[in-house]
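Me: Please take me through the chain-to-chain interfaces of the model shown here, one question at a time.

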4 protein chains.
Amino acid sequence: MQTTTEVNLQNQYQKVRNYSEKLVSNLKTEDFVVQAAPHVSPAKWHLAHTTWFFEKFILEKFVPDYQHFNEEFLYLFNSYYETVGTPHPQARRGLITRPTVDETMEYRKRVDQTMSKLLVTHGEKKEIQELVEIGLQHEQQHQELILMDIKYNFSFNPLYPAFHNNQHPHESVPALQFEKIDGGLVQVGYDGEGFCFDNENPRHKTYLAPYQLANRPVTNWEFIQFINDGGYEHPEHWLSDGWQKVHQEHWGHPQYWEKQEGEWYSYTLAGLTKLDLNAPVSHVSYYEADAYARWAGKRLPTEQEWEYALETHTLDGHFMEDGYYQPHSHYSEEAAFHKAFGDVWEWTQSPYVPYPRSKPLAGSLGEYNAKFMANQFVLKGGSCVTPRSHIRLTYRNFFYPDMRWQFSGFRLADDQ
Amino acid sequence: MQTTTEVNLQNQYQKVRNYSEKLVSNLKTEDFVVQAAPHVSPAKWHLAHTTWFFEKFILEKFVPDYQHFNEEFLYLFNSYYETVGTPHPQARRGLITRPTVDETMEYRKRVDQTMSKLLVTHGEKKEIQELVEIGLQHEQQHQELILMDIKYNFSFNPLYPAFHNNQHPHESVPALQFEKIDGGLVQVGYDGEGFCFDNENPRHKTYLAPYQLANRPVTNWEFIQFINDGGYEHPEHWLSDGWQKVHQEHWGHPQYWEKQEGEWYSYTLAGLTKLDLNAPVSHVSYYEADAYARWAGKRLPTEQEWEYALETHTLDGHFMEDGYYQPHSHYSEEAAFHKAFGDVWEWTQSPYVPYPRSKPLAGSLGEYNAKFMANQFVLKGGSCVTPRSHIRLTYRNFFYPDMRWQFSGFRLADDQ
Amino acid sequence: MQTTTEVNLQNQYQKVRNYSEKLVSNLKTEDFVVQAAPHVSPAKWHLAHTTWFFEKFILEKFVPDYQHFNEEFLYLFNSYYETVGTPHPQARRGLITRPTVDETMEYRKRVDQTMSKLLVTHGEKKEIQELVEIGLQHEQQHQELILMDIKYNFSFNPLYPAFHNNQHPHESVPALQFEKIDGGLVQVGYDGEGFCFDNENPRHKTYLAPYQLANRPVTNWEFIQFINDGGYEHPEHWLSDGWQKVHQEHWGHPQYWEKQEGEWYSYTLAGLTKLDLNAPVSHVSYYEADAYARWAGKRLPTEQEWEYALETHTLDGHFMEDGYYQPHSHYSEEAAFHKAFGDVWEWTQSPYVPYPRSKPLAGSLGEYNAKFMANQFVLKGGSCVTPRSHIRLTYRNFFYPDMRWQFSGFRLADDQ
Amino acid sequence: MQTTTEVNLQNQYQKVRNYSEKLVSNLKTEDFVVQAAPHVSPAKWHLAHTTWFFEKFILEKFVPDYQHFNEEFLYLFNSYYETVGTPHPQARRGLITRPTVDETMEYRKRVDQTMSKLLVTHGEKKEIQELVEIGLQHEQQHQELILMDIKYNFSFNPLYPAFHNNQHPHESVPALQFEKIDGGLVQVGYDGEGFCFDNENPRHKTYLAPYQLANRPVTNWEFIQFINDGGYEHPEHWLSDGWQKVHQEHWGHPQYWEKQEGEWYSYTLAGLTKLDLNAPVSHVSYYEADAYARWAGKRLPTEQEWEYALETHTLDGHFMEDGYYQPHSHYSEEAAFHKAFGDVWEWTQSPYVPYPRSKPLAGSLGEYNAKFMANQFVLKGGSCVTPRSHIRLTYRNFFYPDMRWQFSGFRLADDQ
């Protein structure tokens, strides 16, 4: 007889896998194929790659004489696991029209069937349970990527296609306040019972000098003040690498913004809409977040400051559930920190480095996180396209400081 | 009552337009979208652009209060007509998922209906007749491009998708012979009654010293001898710009070839197949054609030498009809020149320059041909993917000397 | 006893070699080293490469047990002769500080001494005479290049260094007239007794339709009219590749021009000076020459039209002698064609292709000219930095159509 | 009467300024000019830029009606101070032949004279003293850069020029040992009386878990073991960005190494020499240091671990004095840490970020350090080309992780 854990895992497997397909259900076939830049991927590729993950790291190992759906997929849908073979070049994912969307769904179905059987027959194995858990967390990350990438790809189309019609303007915003936090020799990192990635533990001591943290992220309206004050024209606000980007890429506003007849619009998953002035600013790079903070006479928090503050205080956020963004109808007045989860990922000033004594996963899955620990910065929280069950206080998201296609904003900090 | 000319034009219009759609009928929706390099286009784009051509250059002008199917298409599906507005960047055609294929077909249908009406009501107007003729010739060029581009795009897929299953190995090949031709003060260029492009006339005098021309193109087998003799390693065979390309692009054989266990294969529209040793070598650049000729102690013909020779001698060729390649079952023994039309376009040593006293078309259609008269070389004949009715002795095709995705081969020439 | 030919050759050798050194005598040591773009070379490199030419193609062959000055120089100072070994990368010539200028002069001296001895002992050998002649013509080409390259390199310095103080404003300019020329079956190409390059012969028949040729090149003043009329903004004047260049390189005027407070200045070898409005426009690309001609309702001449017209008519020109530009004090009124030699090289509309039945030089010197016969256009005449004795009616200079650092202008032509 | 501080500063000024000129005294004029990559600069530029620094930040401010030596130099010799005007593009420093070396020395002399006068008349001003101190520290940094850049530039010359003949092979090397260090809540950062940069303070608390640190850097011999074990071929040792670099740049060994007939050589300031197997490996990127550490089952230390260990233990090092490298004749047996200063800069695993509560310098000098705090890693110690008086325990050097032209090595660390 199966244990509750085993049954839960089977349910969880089905739920997560189904959700990926639900997420893309209103895409046209053509929308599944393209890739507007090397760092984004076609939706079809995401659906296939998350499937490859189960095939490569579980079925190959635990199903005797496992027959691959297609041997070439091992190459085509490997993302970056160099230790299992040179992957198909990332920049060419958008050139591969076959397998078609239908064939990709066929591939998913075949793997899901085999996974289901495996979970029934061997679901009690701890190692399989752990790998399935990673596979599902992995798929949830790609669910967020699917939406980021669709938005990015669609944004190149002068017809401004809308992915959904699900808009939620922010009717108000709390006044900006800074919470004082004592710090001291505190602890950060995960040590609970549930799942965490290998970059979130071990929980460990760190020293924080007394600091202050803003009660909410910077809003679009506030960011416009920065722009209007010549924020993008004054080198003194900018990191050197950021200033170079501003010039190379002709940055003058967050990604997806455009001005029409004196008014700001933003391209969203619901098409081109008037900018929501109360919403947290989104799609800014680390450089822009950092420049804003300097201009405002503040700074960004470290990831430790952010995590410690949010751990010990009441908070308020917005989430996506069942594939749709579910905003709170109002701010809770008693919350100290607003919108820390579920609106925008928040840039911290912490480069993405290993935690003391952390150990990457064994084998090829060790490539999952550890090898990216250079040149990237940590973001905390979670965005409106992050599945709710994927959000975690100790979660460490990371992006290169010039990237802007993720739903990234920031909140200010200061010394005391 | 309509004249025969008018009725013919209507029929011709329908036939050519239908053929484009027939050509892509076995593509999957996904195949219509991608673009593996800036110089190729998605099939969907070709279908829309050829439609735009009729809308832009005929309907806009002759239909009062013409309502565009979609105003944005004027921008999206302009290829390179700078004088009617800056076109959508060529390199981004493969990022545009909407309009979908179905919507594109809708666009075609709408324009075809309006065109049909116009041809009934105003089909007697000489100017309309001429523009329709150009529009159809234009569409035929894109029919060839559709097949070139599908082959190119598919070739990036390690699954080697097949577009059709229509292979025709060449069972034999005539011995290589050189026909002696006297030359003198001859004439080249079009002066018939029918259609020709503005780069083919006026017919004019040119002086040719006595020369020789090969009876058939160089074959794959012959080209392998060049490779085996170190053809790609010896700088003395190569033009300087070609030698640079060989190194930059790591050329060691024609495009689409690959060697597996000592044997040559070629990616074709019918998938990966053993190289047909008797077939004319195809998908070579001008540089490779020229290098082979030097290695062989010969040279390429000029376009004038080619045209004059072919005009005055019996010849033999293979064609595509109704969208399928229709090879002759045998070489005709009495023909002096084999396969001059319908197998491969043949590189000449003639840069693409204006004919003396030639006049580009008036207005924006003047951009059709004339502005490309630098840095390209003339190819004569026609290939196995050229619609038969599009083939003409005086036709001047042109490509940059490093391009290889067209079905291009060559035949040798020599002085007497 | 030595023949007059032999003595002349010795004198000629000394004269040409000395002149190279005289040419650079007012450079500072620092000026000899740099290279502002891959297509230009440091003056030091030119001095060494022309010396390498004699060492490589004459001394190595005719001096028994020849000891090289430095074996590494065979690599460092090879320009593009792939058949004698892979050359040092052209783009890195400006990184080589050693040999120093003094050591380079030492190298020249050593080779000159050995050459002098060889000319005394074996100067009667026809093969040596021919190779020395080529070596000297080659050195004269580099004398022109030295001045082109110094101008180019200096132009990157905001201090506007002056190479000399030798300015000659053009006080007047004849009215623009077009000479009518009948054409017919004419002959072009060299067949005299003296030296010519292997791209100038054999003399051969060509057919010219009746045409007209301007009596003088287009002037700076005339070119300003083109600019003022939006010449650089209207795509209809431009070849497609040229239009792309205009945008990529932000062209809005000839190279070296700049506007200060509404007035045009030009950077010259005499520093930044007010633009000489009567002088022929110089430092324009083929694309600009061609665009001007279209704008003016004319065209560029073919190289055959140019050569035939100049051969049969009186003409007038300016020259450089003894390293200094020696302008005529006035136009001769009886001349049909002015400034055809010695002011600016004149772009023709003829791509640089082999003459019928031409034969490249044997061996590695076959790389001298023939391998560049793709993607370049022929210029006729000679410029103010061309040594006078290097100018020849049948001379075919050639550059890529986007190059502008040569002293290149153009004259208009038209059909009759 | 002048105070000792004032006199000392004047002496110090002269000493440091003279030393820059002594350092380049055996360069040829040609060597001063070139720049083999955008990140290096010509020696001439360094001499001028350090002079500009005094002119811009001191003389302009404190000398009434100050007359610049040349107004254009304000643009030409600004490095990266965007707030005082857009600097001349870094990548073009090697194209500027004028001012000549002599004129540059003239410039130095003029500024030195004015500075001397100022120091006599206003040397008591605290602000001037502080700015002079920064200017001298700045010049010392450029003294190191001059040697790094000369080595880099010379390395492109196949003649392998030698800058000096001053070689010091390492006759022995202590056995590798790891010192155990307890850590805890410790302090790092500068709080002494003397000079420090604005990135070294304030001294602040940080928590260190118990760790171990190697007694000496990794040697060339040890690094060869990594290479021989396929270190550059196994992706599991590498950070993702590093692995990409390995492939893009074809890395297979540290910069300046080359293998001849099975033996390793290295290009050094004394020319090409056999690799000194006992010397610390140098000219490795962060990626290579990190990959070696993973391969060895260890890790790199954090900057805090490094500084804390070195602060509290005896140590041993080699230095450069008076422009020449002065190695110890032997290792001191009692030292816990060898060669921590004066051989190679040592990569740490710490990204270069601001210290808590640190404040950049006011005004434009705030651009000195702070704006580089992204994408770079901290190196500790000091190299054989760092002036001895410039070395400091709390010094934080920083480079991008892919840079290799600095004299950079590393020592291993581990958890306890």
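**Domain and interfaces**

Me: Which residues of chain A does UniProt list for "domain: DinB-like"?
Reply: The model discussed here is predicted. In UniProt, an unreviewed entry carries the feature "domain: DinB-like", and for chain A the residues listed are 12–146.

Me: What is the helix content of residues 12–146 of chain A?
Reply: The end C-alpha atoms of this span lie 20 Å apart. Strand makes up 0% of residues 12–146 of chain A, and helix makes up 59%.

Me: How much area is buried between chain A and chain B?
Reply: The contact draws on 31 residues from chain A and 31 residues from chain B. Carbon and sulfur atoms give 66% of the buried area. The area buried between chain A and chain B is about 2,600 Å².

Me: Which residues of chain A lose the most area to chain B?
Reply: Three residues together account for 27% of what the chain A side buries. They are Glu30(A), Leu95(A) and Arg98(A).

Me: Which side chain meets Asp31(B) in a salt bridge?
Reply: Between chain A and chain B the count is 2 salt bridges. In the one formed by Asp31(B), the N to O distance is 2.6 Å, inside the 4 Å cut-off for a salt bridge. The partner is Arg98(A).

Me: Which helix of chain A gives the most to the side that touches chain B?
Reply: Across this interface, 8 residue pairs are in polar contact. At least two residues each come from helix 3 (73–76), helix 4 (101–122) and helix 5 (126–154) of chain A. With 3 residues, the one that gives the most is helix 3.

Me: How many charged residues has the side of chain A that touches chain B?
Reply: By class, this side has 15 nonpolar and 9 polar residues. The number of charged residues is 7.

Me: What rotation superposes chain A on chain B, and what kind of axis relates the two copies?
Reply: Two copies of a chain are related by a rotation about an axis and a shift along it. For chain A and chain B the rotation is 180 degrees, the shift along the axis is 0.0 Å and the RMSD is 0.0 Å. The two copies are therefore related as by a two-fold rotation axis.

Me: Which residue of chain A comes closest to the rotation axis?
Reply: The same surface serves both copies, as 100% of the contact residues of chain A recur in chain B. Among the residues of chain A, the closest approach of a C-alpha to the axis is 2.8 Å, and the residue is Glu30(A).

Me: Which residues of chain B lose the most area to chain C?
Reply: Here 34 residues of chain B are in contact with 34 residues of chain C. The two chains bury about 2,700 Å² between them, with 54% of it on carbon and sulfur atoms. Together giving 23% of what the chain B side buries, the residues are Tyr207(B), Arg357(B) and Asn375(B).

Me: Which elements give two or more residues to the side of chain B that touches chain C?
Reply: By class, that side has 19 nonpolar, 6 polar and 9 charged residues. The elements of chain B are strand 3 (204–208), helix 7 (240–248), helix 8 (286–295) and strand 12 (345–351).

Me: How far apart are the closest C-alpha atoms of chain A and chain C?
Reply: No contact joins these two chains. Their closest C-alpha atoms lie 15 Å apart.

Notes:
Residues are numbered from 1 along each chain as its sequence is written. Chains are lettered from A and ligands numbered from 1 in the order in which they are written. This is a predicted model: local features need pLDDT of at least 70, side-chain atom pairs count only at pLDDT 80 or more; totals for chains, interfaces and linings use all residues. Side-chain values use heavy atoms; hydrogens and water are left out. Contact means heavy atoms within 4.5 Å. Buried area is the accessible area (1.4 Å probe) that two parts lose on being put together, summed over both. A polar contact is a pair of N or O atoms within 3.5 Å; within protein, one must be able to donate a hydrogen and the other to accept it, and residues adjacent in sequence count only if both atoms are side-chain atoms. Helices (H or I, at least four residues) and strands (E, at least two) are DSSP runs, numbered from the N terminus. Ala, Val, Leu, Ile, Met, Phe, Trp, Tyr, Cys and Pro count as nonpolar, Asp, Glu, Lys and Arg as charged, and the others, Gly among them, as polar. Copies are superposed by least squares on the C-alpha atoms of residues with pLDDT of at least 70 in both. UniProt positions are given in the numbering used here, feature names are shortened, and annotations may be inferred rather than shown by experiment.
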